[in-house]
Amino acid sequence: MAAHRRPRRRPAGNGTAARTAVTLTLAGAATAAGLGGTGHADPEPTPAQVRARVDKLYQEAEVATEKYNGAKEKADAAERRLEDLRDEVARKEDRLNATRETLGSVAAAQYRSGGLDPALQLVLSSDPDRYLEGAAFVDRVGSRQTAAVGRAREELREVEQLRGAARIELASLTSRQAELKRHRATVTGKLEAARRLLSRLTAEERAPLTAAPDRATRSAGARESLSASAEAPNSRAAAAVAYAYQKLGSPYVWGATGPNAFDCSGLVQAAYRAAGVALPRTTYAQIGAGRRVSRSELAPGDLVFFYSGISHVGIYVGNGQMIHAPNPSAPVRLAPVDEMPFAGATRVA
């Protein structure tokens, strides 16, 4: 009988109702989660907060820029040394080849006469190591070629030493270039993040960060330039101040040293170069390039440095003002020294 017992029927629609209940429950949970997420979303930053974040990114980018400038200076120096070494190797090889050609003529004559001096065999060998290992034989040579063989031996040693130095310099250059690449990536990443943040502001909100000197400001700047130059402690400082005033409105380009675009240390270096004073490339080195002065002693032409890492520099022009290249969003301009955390000052001329 049990085998023929009909299975108990489920009430019609129970499965559908259950599924519907589950679906509604899940949908409600999702909606609640969505509403909860919306309720707890971070609020949009205010324009002031965006500007503060942009300022921070620019300052971080400037730190990386100065590291890039320092690495580039060292890479350029390594490249120049490598080229000098290669030129010297080429000159030494020319002299060595000339000596070998002379000895080759002697060897040919000796061969025709029935013998070849063992020292000549060593010098004319294509294997320098074999030659150097066997060079002791030269001491036993009593022929008229002894001096020439000794000269060739010395020239070969010099060539090998120079080649070794060139290999070391090439390794140094390769390392510097890798360092440059890392710093460049850091700079461009920071600047791109700042650009994205700035794009969220209106033109009016961006104005405090990006305003360029207008015509009236430039006209006033020309008058102030004469005044500041007259107050400068010497003619070189006066010339640097005058140059900086001429560059008001020039664009900021990281890594640039003029004449039409600058980064902060590039502007300082270019201004003093125009005045006949050679300054180092980076802020870290520029602060040590002259006599340190206190803030109360500032005079036009002094270099003023900012932030604890000495990552920004400007040229003091008097009345609490400086000329500096701020960042990619703003051109070379006048600004108060109080605009950034003061770190020190140097008088270089």
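Two residues are in contact when heavy atoms of theirs lie within 4.5 Å. The model used in these exercises is predicted.

**Exercise 1.** State which residues Ser265 touches, leaving out residues up to four places away in sequence.

*Solution.* Begin with the location: Ser265 belongs to helix 9, which covers residues 264–274. Next, apply the contact criterion with the sequence neighbours left out; the residues touched by Ser265 are Glu66, Asn69, Arg281, Thr282, Thr283, Gln286 and Val313.

**Exercise 2.** Decide whether Ser265 is buried or exposed.

*Solution.* A residue is buried if its relative accessible area is under 20%. Ser265 has a relative accessibility of 0%, so Ser265 counts as buried.

**Exercise 3.** Describe the sheet: give the strand order, the kind of pairing and the edge strands.

*Solution.* In this open sheet, six strands follow the order 1-6-2-3-4-5, with antiparallel pairing. Strand 1 (291–293) and strand 5 (333–336) each pair on one side only, which means that they are the edge strands. From one strand to the next, the twist averages 40°.

Strand 2 (residues 303–306) and strand 3 (residues 312–318) are joined in the antiparallel sense over four bridges. Within this pair, His312 of strand 3 stands opposite Phe306.

**Exercise 4.** Find which strands helix 8 and helix 9 touch, and give the angle of each helix to strand 3.

*Solution.* Helix 8 (residues 235–246) packs on the sheet and touches strand 3, strand 4 (321–324) and strand 5. The direction of helix 8 makes about 105° with that of strand 3. Helix 9 also packs on the sheet, in contact with strand 2, strand 3 and strand 4. For helix 9, the angle with the direction of strand 3 is about 50°.

Technical notes. Residues numbered from 1 in each chain as written. Predicted model: local features only at pLDDT ≥ 70, side-chain atom pairs only at ≥ 80, totals over all residues. Heavy atoms only, no water. Helix = DSSP H or I, 4+ residues; strand = E, 2+ residues; numbered from the N terminus. Buried < 20%, exposed > 50% of the residue type's maximum accessible area, 1.4 Å probe, protein only. Pairing = 2+ DSSP bridges. Axes fitted to C-alpha atoms, helices over the stretch in contact; angles between N-to-C directions.
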